Amino acid sequence: MDLNLKGRRAFVSGSTAGIGLAIATALVGEGASVIVNGRSQASVDDIVARIKSKFGGDVDGFAGDLSRASVAEALARQHPGVEILVNNLGIFEPKPFEKISDADWLRFFEINVLSGIRLARLFLPAMKRANWGRIIFISSESAVQIPAEMIHYGMTKTAELAVSRGLAEAVAGTGITVNSILPGPTKSRGVSD
């Protein structure tokens, strides 16, 4: 399939495993120049090497915790030309509602929602100047079917839908698109662990 992405610069947050890795690999296969991301330099270096050895292509890495504003800003300085932003970074954990602390709610929001908001805010101005860009939020079916054992997770996935829908309205009429994808349960490293 040719999605006309040859030479486009893509960044996929949380892409050293699972859905993010699959997306990064598919983008490389489509000819995009891809930046993969994880928290540790070792995991990023490993994935960059694995993708390059298997598929070739232009693959770079950025290690850092994107739930921190300073790290997101460092990414934007180091890689200012991102044209395709895939906000995949996210955490989940089953926990009874009564045991979800304020700190848990804030941590989930910071990682799952605010990280993507920051990245979109950082990369959108260049997309507007070029009149072309793609911003994708990897949400979840849990955004509309909130799991009783992960209400805090479901809340963040619903918030991603709201952000992506509002942002899509804000860029209507331009060459920029904003969408959410709502995958179902996926046998990823986090689920297996």
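A: One term before we start: buried means under 20% relative accessible area, exposed means over 50%, and partly exposed is in between (1.4 Å probe, protein chains only). This is a predicted model, where local features need pLDDT of at least 70, side-chain atom pairs count only at pLDDT 80 or more, and totals for chains, interfaces and linings use all residues. Residues are numbered from 1 along each chain as its sequence is written, and side-chain values use heavy atoms, with hydrogens and water left out.

Q: Great. So is Trp105 buried or partly exposed?

A: Trp105 is partly exposed, because its relative accessibility is 24%.

Q: Which residue does Trp105 form an aromatic pair with?

A: Phe97, in an edge-to-face pair with 6.3 Å centre to centre and 75° between the planes. Rings of Phe, Tyr and Trp (its six-membered ring) pair if their centres lie within 6.5 Å; planes under 30 degrees apart are stacked, over 60 edge-to-face, and the rest tilted.

Q: And how exposed is Phe97?

A: Phe97 has a relative accessible area of 46%, so it is partly exposed.

Q: Switching topic: where is Ser15?

A: In the loop between strand 1 (9-12) and helix 1 (18-29); helices (H or I, at least four residues) and strands (E, at least two) are DSSP runs, numbered from the N terminus.

Q: Buried or exposed?

A: Ser15 is buried, because its relative accessibility is 0%.

Q: Last one: what does the charged end of Arg8 sit over?

A: The ring of Trp132, 3.6 Å from its centre. The rule asks for NZ of Lys or CZ of Arg within 6 Å of the ring centre and within 35 degrees of the ring normal.
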